[in-house]
Amino acid sequence: MAKVKYYYDSETLSYRKIKRKKATTLKYAAVFLTAAGLFAFLMVFIASQYIESPKERQMARELQNMELQYELLNKRTDDAFAALENVEERDNAIYRLYFEANPIPTEQRRAGFGGINRYKKYEGFDNTKLIAESNKRLDILEKAVVVQSKSLDEIAKLAEDKEKFLEAIPAIQPISNENMTRMASGYGYRTDPFTKVRKFHYGMDFTAPRGTPIYASGDGVITRADSQSTGYGNHIRIDHGYGYISLYAHLYKYNVKVNQRVKRGDLIGFVGSTGRSEAPHLHYEVFKDGERINPINFYYGNLSAEEYDILLKKASLENQSLD
């Protein structure tokens with residue numbers, strides 16, 4: 001039961017009951033509710049600052065997990081860069097060096113992206129720097145992989161071209177040592193067998209019996225197999241590509257025809273003594289970019305070091321040629 005309060009009235013000399021006005025009651029109620037509201041707000045504010053809600057705890061865990069994932073991603077990116085750097089080093093120091101291609105500078109391999117800010121969309125987050133930096137490293141890694149991939153494609157093409165080049169150039173002796181009687185004359189000034197005048201001999205003469213097999217000294221295409229060139233008699237010309245042409249003269253007969261593709265070592269004809277020739281032999285010439293060069297430099301494909309040394313000494317003798 002509510003307590004009843006009294007006050008002493010001096011005029012009537014008696015106690016009177018205190019009656020609270022409604023306005024006062026409402027005022028007290030309003031003050032109480034306001035104080036209670038402020039207190040509740042203060043408690044909620046304090047709780048929000050120092051006590052995490054379930055949702056906040058979940059978001060914190062997700063954020064922590066995201067940071068961990070980015071750290072793992074950066075670690076894997078470091079590993080990928082390390083592996084790529086190993087390939088790049090071999091690419092520059094071995095592959096490109098061997099095939100005489102210019103190394104790719106690091107600045108080109110690790111170039112970033114200029115112009116607009118590609119990472120602006122990551123701004124405004126709590127971990128903006130981490131997110132942007134991770135994406136930037138991935139972009140650089142992706143570009144470096146593309147550069148390396150193109151480099152390896154280039155190396156593969158160079159290797160293929162070099163293999164074709166090595167197969168094409170005239171690199172073997174056109175008559176085997178077993179069938180050759182002797183190396184009669186080399187490249188340089190020799191005595192003409194008909195005029196006895198000293199003049200330049202542009203090929204090498206290999207003495208061998210009539211009908212001895214003659215072999216293509218490199219891969220190529222037969223461009224001529226006729227007797228329409230003065231002094232050569234029946235002769236064959238092979239275009240090896242890369243500016244190289246080989247010529248085989250004074251043949252007895254052919255084993256190929258024009259436009260036929262041949263491989264190194266294929267039988268193309270037989271030794272004879274047609275044209276301006278003193279005795280059965282093969283006159284052999286090599287052209288590079290239209291100029292006749294010394295064939296002695298192109299026998300590394302089937303001669304040992306000792307055989308090549310003997311051939312070199314014989315070819316250096318200034319004797320009489322056979323044509």
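Contact, in what follows, means heavy atoms within 4.5 Å. With that in place, among contacts in this protein chain between residues at least 6 apart in sequence, 65% join residues at least 24 apart.

Before I go further, a word on the source. This is a predicted model, in which local features need pLDDT of at least 70 and side-chain atom pairs count only at pLDDT 80 or more, while totals for chains, interfaces and linings use all residues. Residues are numbered from 1 along each chain as its sequence is written, and side-chain values use heavy atoms, with hydrogens and water left out.

Let me begin with the chain as a whole. The protein chain holds 5 helices and 15 strands; these are DSSP runs numbered from the N terminus, helices being H or I with at least four residues and strands being E with at least two. Of the 323 residues in the protein chain, 33% are buried. Buried means under 20% relative accessible area, exposed means over 50%, and partly exposed lies in between, with a 1.4 Å probe and protein chains only. The chain exposes about 20,800 Å², and carbon and sulfur atoms supply 57% of that area. Accessible areas come from the Shrake-Rupley method with a 1.4 Å probe, and for residues only the protein chains shown count as cover.

I turn now to individual positions, starting with a helix. Thr 77 lies in helix H2, residues 54-98. Thr 77 counts as buried because its relative accessibility is 3%. Not counting residues up to four places away in sequence, Thr 77 touches Arg 137, Leu 138 and Leu 141.

Next, the strands. Ile 214 is in strand S7, residues 213-215, and is buried, with a relative accessible area of 0%. Leaving aside neighbours within four places in sequence, the contacts of Ile 214 include Pro 174, Ile 175, Tyr 248, Leu 251 and Leu 267.

What does the partner Leu 267 look like in turn, and which residues is Leu 267 in contact with? Leu 267 lies in strand S13 and is partly exposed, with a relative accessible area of 30%. Beyond four places in sequence, Leu 267 is in contact with Pro 213, Ile 214, Tyr 215, Asn 255 and Val 256. From Leu 267 to Val 256, 11 residues apart along the chain, the C-alpha separation is 8.2 Å.

Arg 261, in strand S12 (residues 261-262), is exposed, with a relative accessible area of 62%. Arg 261 touches Gly 220 and Val 221, not counting residues up to four places away in sequence.

Now to the loops. Most residues other than glycine have a negative phi. Tyr 242, in the loop between strand S9 (235-241) and strand S10 (244-249), has a positive phi near 60°. Tyr 242 is partly exposed, with a relative accessible area of 40%. His 250, in the loop between S10 and strand S11 (251-254), also has a positive phi, of about 70°. Is His 250 buried or exposed? At 1% relative accessibility, His 250 counts as buried.

His 250 leads us to Ser 277, which touches Phe 194, His 250 and Leu 322, not counting residues up to four places away in sequence. Ser 277 is in the loop between strand S13 (267-271) and strand S14 (281-288) and counts as buried, at 12% relative accessibility. Ser 277 and Leu 322 are 45 residues apart along the chain, yet their C-alpha atoms are separated by 5.9 Å. The side chain of Ser 277 also makes a polar contact with the side chain of Ser 273, at 2.9 Å. A polar contact is a pair of N or O atoms within 3.5 Å; within protein, one must be able to donate a hydrogen and the other to accept it, and residues adjacent in sequence count only if both atoms are side-chain atoms.
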